[in-house]
Amino acid sequence: MKSIEKAQKVYDAVKIPTKLNYMVEKTILESQKERKTIYKPNYIKFVASAIACSFIFFVFMININPTFAASIAEIPILKDVAKIFTIKEFKEEDNTKLINAKIPALENTGNTDLEKRVNYEIMLKINEVLEEAEQRAEEYKKALIETGGKEEDYHPINIQIDYKGGYSSEKTVSFMIMKSETLASAYTEMYFYNIDIETGKNLNLRDVLGSDYKEIVDEAIYEEIEERSKNPENIYFKKGEGGFEGIENEYQKFYINSEGKVVIVFEKYEIAPGYMGIQEFIIN
Amino acid sequence: MQDAKEILIDYIKTNQDKLYRVAYSYSKNEESALDILQESIEKALKNISKLRKVEYVKTWFYRILINESLQYTKKNKRIITCQLEEIEKNIEWNEEIKTEDIEIYKHIQSLNDKLKTVIILRFFEDMKIEEIAKATKTNVSTVKSRLYKGLSELKKLINN
């Protein structure tokens, strides 16, 4: 059938989205993680009971001891602004990989349970990310050798983990963790943390900008894209061709910068060609 | 069953482009095709214990993928007919592709789901009749008759 062959040319030419590989890897990893997370509920329960415990203790102390109550007000730490700082910096090098990591942690939020929980989550996330990256490096090396490549042709994969401290106040703390690998640029991943210190809740755009968050953000981004597009070197995908068409919901990725402004982030390829890199938009 | 799972993961990773194209031929939309495939991968990994023989990994996965795709098309009929026009935008153009080729491709897309499925699997995915029967949970003679019917409908569409 000649016409079938003709149609097949079209079928085979269907564009493969760059996100595909990322999605497949992620879905497979997530499904394997399910088994590991058995430990998690216990941990949360532990934190919850720890919070409850300290709360009871606190109330109790204030009730029975007026001098204690007075002394808390004077403890400077409680007034100090939350900070993000590097807890651990490490380098690891062997034949397959080269790791450069800066691991952030919270301190001085005045809510130590929250700090413990967030810091623990960061550690878990980074361990997981590193494990994945190491595994990928091993697989890549193995594949290279199995397909006739020489060990000396293999260049160790460079894995970088760093963070960007966005913003912190008595109420909120915001930062992001970035991981990049030289194996494939598609493997640059970002994790965002926007936390309400009092409640420990993860903040979304609705929490920060109010119920009109979508109008505010969409308008600012459309304007900025138009502005940036005046420079012919800046190309964005068009509407209907994978370009920006408004944020989907309040869980859009963002962080809060040092001036306290919301910065919306789009990953590479998300709304513009790869060479444009990660796209950030400051919302005034 | 560790081995079966590894084989499945390996199969998915090496064939991800192909699997995406199958999903895309039902959804005709990039995001939805990614969703369909993601859903299928999750289901397959969760139900790996139901895969009786690892040799059937391909047909078994296709069955899940096609089920997911059909479910999607049922839910989103109206949206999909609009997006048929979008096809041209989602193609990596090269000199060999002519406008008439796209027309034929669109005709295949417009066939009903059962007929379209056998044509895609038989010709584009190069599967054997027996494999298609397994993947669609039917038998060889049903596949043959759908294939025949699909091709004759396609001929009619092209000649009109």
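In chain B, the axes of helix α4 (residues 57–75) and helix α8 (residues 129–136) come within 7 Å and cross at roughly 50°. That angle makes α4(B) oblique to α8(B). Angles under 35 degrees count as roughly parallel, over 145 as roughly antiparallel, 65 to 115 as roughly perpendicular, and the rest as oblique. Axes are lines fitted to C-alpha atoms, for helices over the stretch in contact, and angles run from 0 to 180 degrees between N-to-C directions. The model is predicted: local features need pLDDT of at least 70, side-chain atom pairs count only at pLDDT 80 or more, and totals for chains, interfaces and linings use all residues. Residues are numbered from 1 along each chain as its sequence is written, with chains lettered from A and ligands numbered from 1 in the order in which they are written.

### The α4–α8 pair of chain B

The crossing of α4(B) past α8(B) is right-handed. A crossing is right-handed if the near helix is turned clockwise from the far one by less than a right angle, and left-handed if anticlockwise. Which residues meet here? From α4(B) come B:Thr59, B:Tyr62, B:Arg63 and B:Ile66; from α8(B) come B:Glu131, B:Lys134, B:Ala135 and B:Thr136. Contact requires C-beta atoms, placed from the backbone, to lie within 7 Å. By class, the residues of this contact are 3 nonpolar, 2 polar and 3 charged. Ala, Val, Leu, Ile, Met, Phe, Trp, Tyr, Cys and Pro count as nonpolar, Asp, Glu, Lys and Arg as charged, and the others, Gly among them, as polar.

### Chain B overall

Chain B has 9 helices and 0 strands. Helices (H or I, at least four residues) and strands (E, at least two) are DSSP runs, numbered from the N terminus. Of the 160 residues of chain B, 32% are buried. A residue is buried if 20 or more other C-beta atoms lie within 10 Å of its own, exposed if 12 or fewer, and partly exposed in between; these C-beta atoms, too, are placed from the backbone. Among contacts in chain B with a separation of 6 or more, 68% join residues 24 or more positions apart.

Two loop residues deserve a look. B:Lys28 is not a glycine, yet has a positive phi of about 55°. B:Lys28 sits in the loop between α2 (16–27) and α3 (30–46) of chain B. Is B:Lys28 buried or exposed? B:Lys28 counts as buried, because it has 24 C-beta neighbours inside 10 Å. B:Asp126 also has a positive phi of about 55° without being a glycine. Its loop lies between α7 (113–124) and α8 of chain B. B:Asp126 is exposed, with 10 other C-beta atoms within 10 Å.

### Strands of chain A

Chain A comes to 8 helices and 8 strands. Buried residues make up 22% of its 284 residues. Of the contacts in chain A between residues at least 6 apart in sequence, 55% join residues at least 24 apart.

Strand β4 (residues 172–181) of chain A is mostly covered, with 8 of its 10 residues buried. A hairpin through 3 residues joins β3(A) to β4(A). Two strands pair if DSSP finds at least two bridges between them.

| Strand pair | Bridges |
|---|---|
| β3(A) (residues 157–168) and β4(A) | 9 bridges |
| β4(A) and β5(A) (residues 189–196) | 8 bridges |
| β6(A) and β7(A) (residues 262–266) | 3 bridges |

A:Lys164 has A:Met176 in β4(A) as its bridge partner. A:Lys179 has A:Glu189 in β5(A). A:Tyr255 has A:Val263 in β7(A).

An open sheet of 3 strands in chain A has the order β6-β7-β8, with antiparallel pairing. Its edge strands are β6 (254–256) and β8 (279–283), each pairing on one side only. The twist averages 25° from one strand to the next. Helix α8 (residues 213–229) of chain A lies across β7 and β8 of chain A, at about 120° to β8(A).

### Where the chains touch

How many residues does each chain give to the contact? Chain A gives 23 residues and chain B gives 31 residues. On the side of chain A that touches chain B, α1 (2–12) and α2 (19–36) of chain A each supply at least two residues. That side divides into 13 nonpolar, 5 polar and 5 charged residues.

Technical notes. Contact = placed C-beta atoms within 7 Å.
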